[in-house]
Amino acid sequence: MKALAGGYARARDVAHALDLLAEADGMGRVLAGGQSLIAAMNMRLSTGDMLVDISRIEALRGVTTEGDSLRIGALTRHAEIGTDPLVARHAPLLVQAVHHIAHAAIRNRGTIGGSLAHADPAAEFPACVLALGGTMHLQGPDGARSVAADDFFVDIFETAIAPGEILTAITLPLAEAGERHVLIETARRSGDYALAGLCLVKRAAGHRLSAFSVGPRPVLAVAAMSRLDAGDHAGAVQALRDELDPPSDTQASAAYRRHLAGVLLPRALHQLEGETA
Ligand SMILES: Cc1cc2nc3c(=O)[nH]c(=O)nc-3n(C[C@H](O)[C@H](O)[C@H](O)COP(=O)(O)OP(=O)(O)OC[C@H]3O[C@@H](n4cnc5c(N)ncnc54)[C@H](O)[C@@H]3O)c2cc1C
């Protein structure tokens with residue numbers, strides 16, 4: 001099956017993209033790498049949309065540091081994140097994530113902004129920005145605004161992006177000296193979406209732990225984080241399992257996903273401790 005023909009326009013810059021979205025009167029869809037949107041259109045899960053192609057807007061691409069933040073343009077591709085020296089130094093969790101995302105062809109076209117805006121609960125980047133305490137920067141008809149990762153992921157495939165808005169960039173705190181990151185997941189085959197996965201960050205102030213593919217959106221596991229801060233690893237495993245409410249589907253049962261998350265946490269801690277040696 002192929003996508004139903006809708007309208008298409010290529011935006012020159014962000015202002016032009018916002019105008020095109022406004023003119024589309026609610027039918028506009030931002031097109032970035034197309035790796036999720038075009039697949040959905042081909043399956044007729046999304047039809048009749050006016051595609052506003054932002055993929056050539058250079059201002060939305062690239063990685064920089066700004067004060068104590070790492071700024072990643074929304075159009076930065078997965079493959080670029082995987083090889084960027086600033087990302088490797090200041091947010092190595094994202095580099096780990098790239099190795100788990102799909103296959104080379106998808107990583108060469110898919111963008112971090114597209115992944116975050118799509119908000120697949122099994123995707124790696126949303127859980128990474130939650131664990132890292134990131135901020136999403138949006139531009140819309142009423143100007144710019146920023147949304148903390150904690151408030152950005154609303155439900156399955158639903159975010160705080162309002163109609164007519166574009167995600168322009170993501171900022172993350174620069175990793176402090178000695179900060180350590182681990183992303184761990186289990187998937188049926190390499191490149192498949194995870195059955196369950198965890199992002200674990202250790203900072204001087206304490207642990208940050210997020211889980212993905214265990215509910216309608218990534219989960220910040222606050223009870224498990226406080227048990228980890230107290231040095232109670234067994235308690236953290238139990239707390240993590242208690243605070244997850246995963247779905248059952250054709251891939252795995254809820255009970256299996258909850259169990260798996262608890263199995264992955266000690267492995268993540270082992271990796272984290274291995275890095276200190
Ligand atoms: C076979 C396959 C396997 C995959 N496996 C994985 C995996 O294991 N892990 C994983 O994380 N992902 C996986 N993906 C998804 C992939 O990472 C996509 O690239 C990503 O989810 C979407 O990025 P994109 O740039 O292609 O966005 P698009 O497909 O262009 O857009 C996706 C959605 O986000 C919106 N959007 C895009 N950019 C913006 C923006 N800047 N502002 C506002 N809205 C925007 C679009 O309107 C659309 O609704 C897989 C995809 C495929 C096809």
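The model is predicted, so local features need pLDDT of at least 70 and side-chain atom pairs count only at pLDDT 80 or more, while totals for chains, interfaces and linings use all residues. Residues are numbered from 1 along each chain as its sequence is written, and side-chain values use heavy atoms, with hydrogens and water left out.

Let's start at the ligand. It has 30 residues around it, and the closest are V30, G34, Q35, L37 and T111; a residue is near a molecule if one of its heavy atoms lies within 4 Å of it. By class, that shell has 15 nonpolar, twelve polar and three charged residues (Ala, Val, Leu, Ile, Met, Phe, Trp, Tyr, Cys and Pro count as nonpolar, Asp, Glu, Lys and Arg as charged, and the others, Gly among them, as polar). At least two shell residues come from each of β2 (28-31), α7 (112-118) and β10 (166-173), and α7 gives the most, with four. Helices here are DSSP runs of H or I with at least four residues, strands runs of E with at least two, numbered from the N terminus.

Over to α8 (residues 124-132): nine of its nine residues are buried, so the helix is largely enclosed by the rest of the structure. Buried means under 20% relative accessible area (1.4 Å probe, protein chains only). Among those buried residues are E124, F125 and P126. Just after α8, G133 takes a positive phi of about 70°.

Definitions and conventions. Buried < 20%, exposed > 50% of the residue type's maximum accessible area, 1.4 Å probe, protein only.
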